[in-house]
Amino acid sequence: MPETTATPPRAAFGVGLMSGGLDSTLAAAILKEAGARVVGLNFSTGFCMTDHRRAIGRQGEDPRRLRNEALRAASDIDVEIRVIDVAEEYFEMVKAPKHGYGSKANPCIDCRIFMLERARQVMLDEGADFVFTGEVLGQRPFSQHMASLRLIEKETGLAGRLLRPLSAQYMPPTIPEKEGLIDRGRLLSIRGRSRRPQAELARRLGVVDYPQPSGGCCYLADENFARKFMDKLSHPAAEGKITRDEIILLKVGRHFRLGPATKVIVGRDEGENAFLERFAEGRWELRAAEHVGPVTIVEGDAGEEVLIEAARIAARYGDGRAESSVRIALKRGEERRLLDVPPALDAEIDSRRL
């Protein structure tokens, strides 16, 4: 353990980003060990896979996959945590990030700036000395190299007040360090993509329960979601707007694009069927009338040709897929219809699949 070099004039107070992942947990634990008061901030963006799993409510889901990791991590190291809903503002940022996307639909630099700007406001409102993160120099190629870390610090107005305890020894001393509120000797020099230093630190600090780094929670970094998200950006509704409900629906089902403004979404299990039903208002909802089958909804202003194709796709994923004709019930508001259609062939719909 590093030695303390001086007694601070008073306890430092830091607020910081806590996702519940190992790095942010260790950052908070290191600062607490150094004598600081630590408050974690967890921003709920609407793109968390775990939040979505809870919303779907599948039976038999492993409870560990449903827990709020930020709450769990804060409890484990005994620090205060606040969960703050920023979904509406975050959604607007995600549609047009100033610094662009990473390899998927992940606007990592803009995401960091977005959250740190809000953390900075908490710092100012509550008289905290600094904002902290669990960032590790060189760990992520898009957002955690030195140039991007400096860019983020500059754009958030946190120059001198942004403390990254895990890689602090590679960075200039922050104001709390210069003022003697934080002993720089207790801060670390971790860099790169290896997780071994963090694992060893976790053992020393008694942090034993944490998600694996490969189990990221953000839909925007998921390849399948990103493909559908980019398709949606390139096919906005006629008025040019993309609604939050449309983005939420990208998280469930099989997606098929039938036209520039029309799309079909087919549920994959009971949980997704129930989820889709909650978003059916104002859209055509299809189900097999005489067989077990999924809920299918149609996005966009569908004409007769689109409805027939949607009905054939719905038939393809029901128990009547081997029949020559399947009766599909359609409803939208008070409108009710029945269509008898042959199930679609895979060769017919593969080019439609997103």
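A nonpolar core here is a set of buried Ala, Val, Leu, Ile, Met, Phe, Trp, Tyr and Cys residues joined through side-chain atoms within 4.5 Å. Buried means under 20% relative accessible area, exposed over 50% and partly exposed in between, using a 1.4 Å probe and protein chains only. This is a predicted model, where local features need pLDDT of at least 70, side-chain atom pairs count only at pLDDT 80 or more, and totals for chains, interfaces and linings use all residues. Residues are numbered from 1 along each chain as its sequence is written, and side-chain values use heavy atoms, with hydrogens and water left out.

**Stop 1: the whole chain.** Zoom out. The C-alpha atoms fill a box of roughly 80 × 40 × 35 Å along the principal axes. Colour by secondary structure and you have 13 helices and eleven strands (helices are DSSP runs of H or I with at least four residues, strands are E runs of at least two, numbered from the N terminus). Of the 354 residues, 49% are buried.

**Stop 2: the largest core.** Select Val15, Phe47, Tyr90, Val131, Phe225 and Ile247: these have the most contacts inside the largest nonpolar core, which has 36 residues. Strand E1 (13–17), strand E2 (37–44), helix H4 (87–95), helix H5 (108–126) and H9 each supply at least two of its residues. Which element gives the largest share of this core? That's H5, with nine residues.

Now centre on Ile247. Leaving out residues up to four places away in sequence, Ile247 touches Phe47, Phe91, Phe225, Phe229, Lys232 and Ile242 (contact means heavy atoms within 4.5 Å).

**Stop 3: helix H4.** Show the side chains of Ala87, Tyr90, Phe91, Met93 and Val94, the buried residues of H4. They sit on the same side of H4, because the arc they cover around the axis is only 165° (the arc is that of the directions from the helix axis to the C-beta atoms). What do the buried residues of H4 pack against? Their partners are E2, strand E3 (80–85), H5, H9 and helix H10 (244–249).

**Stop 4: helix H6.** Move to residues 146–155, where Ser148, Leu149, Ile152 and Glu153 are buried. Their arc is only 140° around the axis, so they are on the same side of H6. The buried residues of H6 pack against H5 and strand E5 (162–163). Just after H6, check Gly157, which takes a positive phi of about 70°.

Stop 5: On a 1 Å grid over the protein atoms alone, a pocket is an open set of points with protein on both sides within 12 Å along at least five of seven lines, and lining residues have an atom within 4 Å of a point.

Select Tyr219, Asp222, Lys228, Lys251 and Arg268, the closest to the pocket's centre of its 22 lining residues. H9 gives the largest share of the lining, four residues. By class, the lining has six nonpolar, four polar and twelve charged residues (Ala, Val, Leu, Ile, Met, Phe, Trp, Tyr, Cys and Pro count as nonpolar, Asp, Glu, Lys and Arg as charged, and the others, Gly among them, as polar).

**Last stop: Asp76.** Select Asp76 in helix H3 (residues 69–77). Asp76 is partly exposed, with a relative accessible area of 46%.

Notes: On a 1 Å grid over the protein atoms alone, a cavity is a set of points where a 1.4 Å probe fits but cannot get out, and a pocket is an open set with protein on both sides within 12 Å along at least five of seven lines; lining residues have an atom within 4 Å of a point.
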